[in-house]
Amino acid sequence: MPEAEPAPNLVGRLHLRAACREDGATILAEQAFKAPFHIGKSYRERNSLRVQIVNPTAGILAGDRLELEVRVDRDAALCLTTPAATRVFRMNRGEGVCIQHFTTAARAALEFWPEPLCPHAGTRFSQRSRIDADPDSDVYWVDALAPGRVARGETFAWDRLEVVLDVRVAGEPVLRERLDCTGSTLARSAAFHRTPEAWFATVVVLSPRDDEHDPLRDEIRALHTESTRVGVTRLRRGGWVVRLIASDGQAMRDTLERVRSIVARDLPLLRHDLRRL
């Protein structure tokens, strides 16, 4: 007889809606969260409202489910970060799940740059993200993956990792991808690229000012080195996706910061220091 699935240990929810006041300042018009989610005190940096999402628990355990819903209204600008990597622990049964949904209205701006996901040995985790963007909005969205606890010899040692990303502009799908693999499968890919302890990252950029021959993309491609692989692909409806494979965490962080500084020339939302690097 098959084993029954365990009951959810923790169901965390975070709902944020950023809106623009009459004086032009962005505020959190709606906020609701349930453990393990918590948010730090928000503050403004130029025209953007910065909010740090905090998980006070050690990490994600089997049966945990996290749901994140973020909406940025017209003319509002929101920057979301996290202070530390999201750790997903060993699971003897069941899996952990994270569902993320981001929506931007016309003339809105959203930056989402959490610290990397770090799957420990023997874990099973599914992360599903969806972005619904207005074609007249700016979006800078980052997702990074660590190979595990390398210092403890846990490199690509997870049982299963599913990462799904669905990006839509004006309701039209412009990017849909799904990674579903064991750690050993990704380890072979990393070894092929001569980076056995590789870190992976995806950056999605959506902007109404996108141009087919934008020189910024060429500058990002020029960041490609033997130890850090960088690729850029243009999306439909104005946008592009940047892929990074780096030899270690510091190389990944440095390259992501360079990508951000390049894109900031086109996206006013990014013209401030995140103060965490």
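Author: A term is needed before we start: a salt bridge here is a side-chain nitrogen of Lys or Arg within 4 Å of a carboxyl oxygen of Asp or Glu. Please note also that this is a predicted model.

Reader: Which residues are linked in a network of salt bridges?

Author: The network joins Glu95, Arg128, Arg160, Glu162, Arg178 and Asp180.

Reader: And how many salt bridges does the count come to?

Author: The count is 28. One of them pairs Glu115 with Arg253, with the closest N and O atoms 2.7 Å apart. Glu115 sits in the loop between strand 10 and strand 11, while Arg253 belongs to helix 3, 138 residues apart.

Reader: Is Glu115 buried or exposed?

Author: Glu115 counts as buried because its relative accessibility is 12%, which is under the 20% limit. Arg253 is partly exposed, at 28%.

Reader: Turning to Thr255, where does it lie, and what does it contact?

Author: Thr255 is also part of helix 3, residues 249–263, and is buried at 4% relative accessibility. A polar atom of its side chain lies 2.8 Å from the backbone oxygen of Ala251. Beyond its neighbours within four places in sequence, Thr255 touches Leu223, Thr228, Val230 and Leu244.

Reader: Now the sheet: what is the strand order?

Author: The open sheet has 7 strands in the order 2-1-6-9-12-14-15, with mixed pairing. Its edge strands are strand 2 and strand 15.

Reader: How do strand 12 and strand 14 run, parallel or antiparallel?

Author: They run parallel, joined by 10 bridges. Within that pairing, Ser126 has Glu162 of strand 14 as its bridge partner, and Glu162 also belongs to the salt-bridge network.

How values were computed. Residues are numbered from 1 along each chain as its sequence is written. This is a predicted model: local features need pLDDT of at least 70, side-chain atom pairs count only at pLDDT 80 or more; totals for chains, interfaces and linings use all residues. Side-chain values use heavy atoms; hydrogens and water are left out. Two strands pair if DSSP finds at least two bridges between them. Helices (H or I, at least four residues) and strands (E, at least two) are DSSP runs, numbered from the N terminus. Buried means under 20% relative accessible area, exposed over 50%, partly exposed in between (1.4 Å probe, protein chains only). A polar contact is a pair of N or O atoms within 3.5 Å; within protein, one must be able to donate a hydrogen and the other to accept it, and residues adjacent in sequence count only if both atoms are side-chain atoms. Contact means heavy atoms within 4.5 Å.
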